[in-house]
Amino acid sequence: MTHNELVDACVDAAEALDRIDVARAFIASLSSRRLDWRGVLPAYAVCRQLPRHEYAPTQVFQAGPDASCFICGLPSPSKTKVSGRLLVGNLGRAYYLETSLTTLQQFASTEKPVPKDEDFGMLTETLNRLQNRNGAKLGELQKLIQGLFPSNKFEREDFLGALAIAGIFQLDAASYFDGWVTYDIRESVMPSHFYAKDSSHPLRHYKPDCGLNERAISFWFKDLHNSN
Ligand SMILES: [Zn+2]
């Protein structure tokens with residue numbers, strides 16, 4: 001797909017979905033460990049904020065004929081291959097549009113999962129644990145939520161990356177919850193701790209004393225338990 005085709009397709013794919021179905025799939029992924037369901041929320045959280053736009057080259061990275069777009073990071077005029085790969089693992093990198101597009105399109109055509117009571121319990125307990133985390137550092141977060149839902153270390157780190165994309169942490173960094181984060185900002189504004197740079201944006205900007213964003217938690221998860 002060309003730059004414009006892929007951007008438009010992502011915006012269309014997000015517009016075609018219902019936020020409630022997306023959030024429910026994320027919750028239902030907890031007990032079932034369905035990582036394909038878990039990837040839908042971060043993909044949607046990114047694509048719902050993506051503006052339709054024309055390609056414009058990066059202003060902070062190497063320019064050239066194939067330079068990345070400063071808004072979305074896609075190259076132009078060369079085409080991006082949409083290979084049909086779903087966003088499974090590396091959920092914090094949902095801003096790779098080709099993977100998120102496939103994830104949203106595939107989800108649109110499948111039956112929507114319904115979380116069980118157990119799933120809601122797991123989500124509530126996880127958010128409580130993150131709310132009361134006593135200054136846990138970034139590297140300690142996955143350990144903090146260990147045992148709350150079936151998962152290994154990498155899945156928990158991914159889960160945290162997805163929550164960060166959804167805007168659950170109140171961070172100083174630009175957030176996909178409040179709007180679009182340009183490629184130039186995302187890839188050039190880095191935390192001072194070198195180890196945090198291994199995490200994706202915006203989780204890499206996590207601070208032990210940051211709060212949770214109640215607006216974002218309500219937006220995604222409020223009133224889902226008993227609604228049909
Ligand atoms: Zn672009």
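This is a predicted model: local features need pLDDT of at least 70, side-chain atom pairs count only at pLDDT 80 or more; totals for chains, interfaces and linings use all residues.
Residues are numbered from 1 along each chain as its sequence is written, and side-chain values use heavy atoms, with hydrogens and water left out.

Let me begin with the domains. The assignment gives domain 1 (3–108) and domain 2 (117–221), with bounds that come from an automatic or database domain assignment. Their centres, taken over C-alpha atoms, are separated by 19 Å, and the contact takes 38 residues from domain 1 and 35 residues from domain 2, where contact means heavy atoms within 4.5 Å.

Next comes the core. The largest nonpolar core has 72 residues, and those with the most contacts inside it are Leu97, Ile168, Phe169 and Phe221; such a core is a set of buried Ala, Val, Leu, Ile, Met, Phe, Trp, Tyr and Cys residues joined through side-chain atoms within 4.5 Å, and buried means under 20% relative accessible area, exposed over 50%, and partly exposed in between, with a 1.4 Å probe and protein chains only. This core draws at least three residues from each of domain 1 and domain 2. Phenylalanine 221, leaving aside residues up to four places away in sequence, touches Ala23, Phe26, Ile27, Leu41, Leu123, Leu127 and Ile168.

Where does the largest pocket lie? Both domain 1 and domain 2 give residues to its lining, so the pocket lies between them. It is lined by 18 residues, of which Glu157, Asp158, Asp198, Ser199 and Leu203 lie nearest its centre. Helix α8 (residues 153–165) gives the largest share of this lining, six residues, helices being DSSP runs of H or I with at least four residues, numbered from the N terminus.

Finally, consider aspartate 223, in the segment after α10 (214–221). Is this residue buried or exposed? Aspartate 223 counts as exposed because its relative accessibility is 59%. The C-alpha atoms of aspartate 223 and threonine 80, which are 143 residues apart along the chain, are separated by 39 Å.

Definitions and conventions. Helices (H or I, at least four residues) and strands (E, at least two) are DSSP runs, numbered from the N terminus. On a 1 Å grid over the protein atoms alone, a cavity is a set of points where a 1.4 Å probe fits but cannot get out, and a pocket is an open set with protein on both sides within 12 Å along at least five of seven lines; lining residues have an atom within 4 Å of a point.
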